[in-house]
Amino acid sequence: MSYVLAKSQNDDIHKAGECGGAVTSILKYLLDEGIVDGVLAISPCDDVYDGVPTFVTNSEDLMKTAGSYHCAPTMIGDLVQKYLFDKKVAVTAKPCDMRAIEELIIRHKINKDNIYVIGLNCGGTVPPVAGRKMIDLFYEADPDDVVSEEIDKGQFIIELADGSEEAVKIHDLEQEGYGRRTNCQRCDVKIPRKANIACGNWGAEDGWTFIEINDQLLKEGKRLKAS
Ligand SMILES: Cc1cc2nc3c(=O)[nH]c(=O)nc-3n(C[C@H](O)[C@H](O)[C@H](O)COP(=O)(O)OP(=O)(O)OC[C@H]3O[C@@H](n4cnc5c(N)ncnc54)[C@H](O)[C@@H]3O)c2cc1C
């Protein structure tokens with residue numbers, strides 16, 4: 001297996017990105033070089049609980065999609081097969097999204113030559129409505145004051161607008177019927193190795209993205225080309 005640690009050289013992207021901003025920079029490269037027609041990613045709408053799948057065709061709009069949205073829906077494969085079948089697209093995909101994409105490729109509902117998948121390692125997602133209620137019940141915080149959330153070392157951590165953080169053990173939340181979606185609790189695929197690359201914070205210091213390279217062409221050091 002090949003691995004790299006990466007970070008964006010663009011300061012704005014590095015700041016907006018969840019880890020090193022490498023994923024947003026790679027998506028920008030794919031768009032700017034004309035390798036893909038568009039990117040299907042997630043952008044926040046009203047708040048951090050509201051992750052909306054967004055199709056971006058202008059790389060300047062990618063800034064709005066940077067970051068990790070732990071309450072976003074899990075329907076990337078479905079959107080590609082229904083609305084983007086005839087386009088060359090790059091998508092960001094958790095392991096469950098990758099499994100759906102793989103299955104849809106087998107069923108000829110997605111053209112494998114038209115899709116470039118940037119995998120995201122995943123410790124689980126949280127349903128948005130229950131997520132807000134959980135913060136109300138288990139944290140000394142107003143759900144509206146949360147600016148970001150993450151799952152790290154067995155804890156669900158929230159960051160508030162004033163920069164402070166609060167953490168509660170996932171195990172304690174899930175014992176009370178909150179925490180991650182039920183499917184996420186039983187999921188045993190944390191790294192989407194069927195994606196072209198798989199990206200995460202595991203194995204990386206703050207400010208860097210850890211990337212596992214699965215794509216044979218990239219392993220051989222060949223550049224992606226526009227068709
Ligand atoms: C729900 C979730 C859980 C994660 N858990 C872990 C973990 O436990 N361990 C670990 O090592 N890494 C985890 N990651 C990956 C990590 O948070 C970063 O996404 C990854 O390291 C890339 O960082 P970056 O700064 O390069 O990405 P950025 O430059 O910030 O780009 C991230 C891209 O992912 C897209 N995106 C955000 N949320 C979603 C989503 N829910 N579904 C699909 N696409 C999305 C964004 O729109 C953006 O295009 C998780 C990611 C998500 C979304």
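Predicted model: local features only at pLDDT ≥ 70, side-chain atom pairs only at ≥ 80, totals over all residues.

Trainee: How many residues surround the ligand, and which are the closest?
Mentor: There are 32 residues around the ligand, and the closest are Gly17, Thr24, Ala41, Gly123 and Gly200. A residue is near a molecule if its C-beta atom, placed from the backbone, lies within 6 Å of it.

Trainee: Which elements give two or more residues to that shell?
Mentor: They are helix H2 (22–32), strand S2 (38–44) and strand S9 (197–200). The largest share, 4 residues, comes from H2. Helices (H or I, at least four residues) and strands (E, at least two) are DSSP runs, numbered from the N terminus.

Trainee: What does S2 pair with?
Mentor: S2 pairs with strand S3 (residues 51–56) in the antiparallel sense over 6 bridges, and with strand S4 (residues 89–93) in the parallel sense over 3 bridges. Two strands pair if DSSP finds at least two bridges between them. The bridge partner of Ile42 in S3 is Pro53, while Leu40 stands opposite Val91 in S4. A hairpin through 6 residues joins S2 to S3.

Trainee: Changing topic, how do H3 and H4 cross?
Mentor: The axes of helix H3 (residues 76–83) and helix H4 (residues 95–106) come within 7 Å and cross at roughly 35 degrees. Axes are lines fitted to C-alpha atoms, for helices over the stretch in contact, and angles run from 0 to 180 degrees between N-to-C directions.

Trainee: Which residues of H3 and H4 meet?
Mentor: Ile76, Gly77, Asp78, Val80 and Gln81 in H3 meet Asp97, Ala100, Ile101 and Leu104 in H4. Contact requires C-beta atoms, placed from the backbone, to lie within 7 Å.

Trainee: And Asp142, is it buried or exposed?
Mentor: Asp142 counts as exposed because it has 12 C-beta neighbours inside 10 Å. A residue is buried if 20 or more other C-beta atoms lie within 10 Å of its own, exposed if 12 or fewer, and partly exposed in between, with C-beta atoms placed from the backbone.

Trainee: Where is Asp142 found?
Mentor: Asp142 is in the loop between helix H5 (128–138) and strand S6 (146–152).

Conventions: Residues numbered from 1 in each chain as written. Contact = placed C-beta atoms within 7 Å.
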